[in-house]
Amino acid sequence: MTAADASEAVLAAIRSRRVVRAMTSEPVERGALEAVLDAGRWAPTAGNRHLQRFVATDHRGLLRVLRMVSPGMIQRPTAAITICTDRAAAEDYGFPPEAPGLFVDVGTAAATLMLAAHAIGLGAGPVTSFSRAAVSTVLRLPDGWHPELIVCLGHPESTQPRPLAPRRAFTWRDLTMWAPSA
Amino acid sequence: MPEMRQHGRMTSAWVLDEDDAMELLAYLITAARTQLDEAADGPMRLLTAAHRLAGMIDARASAETRALLEGAVARLPLLAVPRDDRDGYTAQVDGACRAVADHLAARYGAEPTPA
């Protein structure tokens, strides 16, 4: 593969990835889950600090309970990765608990995990609407780990739920302002 | 044949088991907490709960109730929020409310008013 081919493959993956909200009951293979987790460690973090932690599960019962306490989890995933912030480690770095940089790093981790899942043929969807207290309890998180975002993983259904309003097709120009402006 | 229970002159099918009820209870309580942070999503979360309840009871419901669940309730938007097309969203939810009211009136409207 040439460098140009590799570039095009990466861009094609970025353009074709979608949030998957309907998944089949087919399990995610453990090797595939580990491949996604391995990609996660390459996500950029501020200062290369790596204050995010990943909690992975493909346990059917645990996933069911996770969904019960996550109102935003429309899909029924067969695996999930919960991205947590290690608030104790963050405090050691001098971050206040709500420092924006910590959440930016959650976002880059989520984007990387979802793109990796897409690259190996899995569907992925992020969920932020869940009870932090309940998810901490369900996953038995260590003290100081704060759950921020759940990446649901599974094999995509052929049809996905559609929102009432049609999607707006943005171009990069719609989303961009040049500085200095013309 | 679903198990039935008697309500006055009406018979009604048992449509939820404890697992289903607990799932819905957990959803409602955790959604109440998340709405402190994301109130704009409130109607969507309630409709998600309605979809989940419909999915739980569909198999054991009466034919008339199943028709409602698989019709007006199934058509309720699963993901939309009343932001881009608030009038359309409102009209669709109003339509579902009317369908539920029609169903309830047909099912219970003939019962005598309790003293």
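**Exercise 1. Pairing at β3 and β4 of chain A**

Find the bridge partner of Ala124(A) in β4(A), then say how many bridges join β3(A) to β4(A).

*Solution.* 
Step 1. This is a predicted model. Start at Ala124(A): its bridge partner in β4(A) is Leu153(A).
Step 2. Now take the two strands as a whole. β3(A) and β4(A) are joined by five bridges.
Step 3. Note the sense of the pairing. These two strands run antiparallel.

**Exercise 2. The other neighbour of β4**

How many bridges pair β2(A) with β4(A), and which residues of β4(A) are the partners of Ile83(A) and Cys84(A)?

*Solution.* 
Step 1. Locate the strands. β2 of chain A covers residues 79-86, and β4 of chain A covers residues 145-154.
Step 2. Count the bridges. There are eight, and the sense is antiparallel.
Step 3. Ile83(A) has Leu149(A) as its bridge partner in β4(A).
Step 4. Cys84(A) is bridged to Pro147(A) of β4(A).
Step 5. Thr85(A) stands opposite His146(A) in β4(A).

**Exercise 3. Covered or open?**

Decide for β2(A), β4(A) and α1(A): how many residues of each are buried?

*Solution.* 
Step 1. Take β4(A). Nine of its 10 residues are buried, and the strand is mostly covered.
Step 2. Take β2(A). Seven of its eight residues are buried, and this strand too is mostly covered.
Step 3. Take α1(A), residues 3-16. The number buried is zero out of 14, so the helix lies largely in the open.
Step 4. Check the length of α1(A). From first C-alpha to last it reaches 20 Å, close to the 20 Å expected at 1.5 Å a residue.

**Exercise 4. A residue in a loop**

Is Ser25(A) buried or exposed?

*Solution.* 
Step 1. Ser25(A) sits in the loop between α1 and α2 of chain A.
Step 2. Count neighbours. Ser25(A) has 10 C-beta neighbours inside 10 Å.
Step 3. Apply the cut-off. A residue with 12 or fewer is exposed, so Ser25(A) counts as exposed.
Step 4. Look back along the chain. Arg15(A) is 10 residues away, and the two C-alpha atoms are separated by 26 Å.

**Exercise 5. Two helix pairs in chain B**

Describe how α1(B) packs with α2(B), and α3(B) with α4(B).

*Solution.* 
Step 1. List the elements. Chain B has four helices and two strands. From the N terminus they run β-β-α-α-α-α.
Step 2. Two packed helices are described by the angle between their axes and the distance between the axes.
Step 3. Take α1 (residues 18-34) and α2 (residues 42-57) of chain B. Their angle is about 180 degrees, and their axes lie 10 Å apart. That makes α1(B) roughly antiparallel to α2(B).
Step 4. Name the residues in this contact. They include Leu24(B) and Tyr27(B) of α1(B), and Ala49(B) and Leu53(B) of α2(B). By class, the contact has seven nonpolar, no polar and three charged residues.
Step 5. Take α3 (residues 63-73) and α4 (residues 86-108) of chain B. The angle is about 170 degrees, with the axes 10 Å apart. α3(B) and α4(B) are therefore roughly antiparallel.
Step 6. Name the residues here. Among them are Leu68(B) and Ala72(B) of α3(B), and Ala99(B) and His103(B) of α4(B). This contact has six nonpolar, four polar and two charged residues.

How values were computed
Residues are numbered from 1 along each chain as its sequence is written. Chains are lettered from A and ligands numbered from 1 in the order in which they are written. This is a predicted model: local features need pLDDT of at least 70, side-chain atom pairs count only at pLDDT 80 or more; totals for chains, interfaces and linings use all residues. Axes are lines fitted to C-alpha atoms, for helices over the stretch in contact, and angles run from 0 to 180 degrees between N-to-C directions. Angles under 35 degrees count as roughly parallel, over 145 as roughly antiparallel, 65 to 115 as roughly perpendicular and the rest as oblique. Two residues are in contact if their C-beta atoms, placed from the backbone, lie within 7 Å. Ala, Val, Leu, Ile, Met, Phe, Trp, Tyr, Cys and Pro count as nonpolar, Asp, Glu, Lys and Arg as charged, and the others, Gly among them, as polar. Two strands pair if DSSP finds at least two bridges between them. The expected span of a helix is 1.5 Å times one less than its number of residues. A residue is buried if 20 or more other C-beta atoms lie within 10 Å of its own, exposed if 12 or fewer, and partly exposed in between; C-beta atoms are placed from the backbone.
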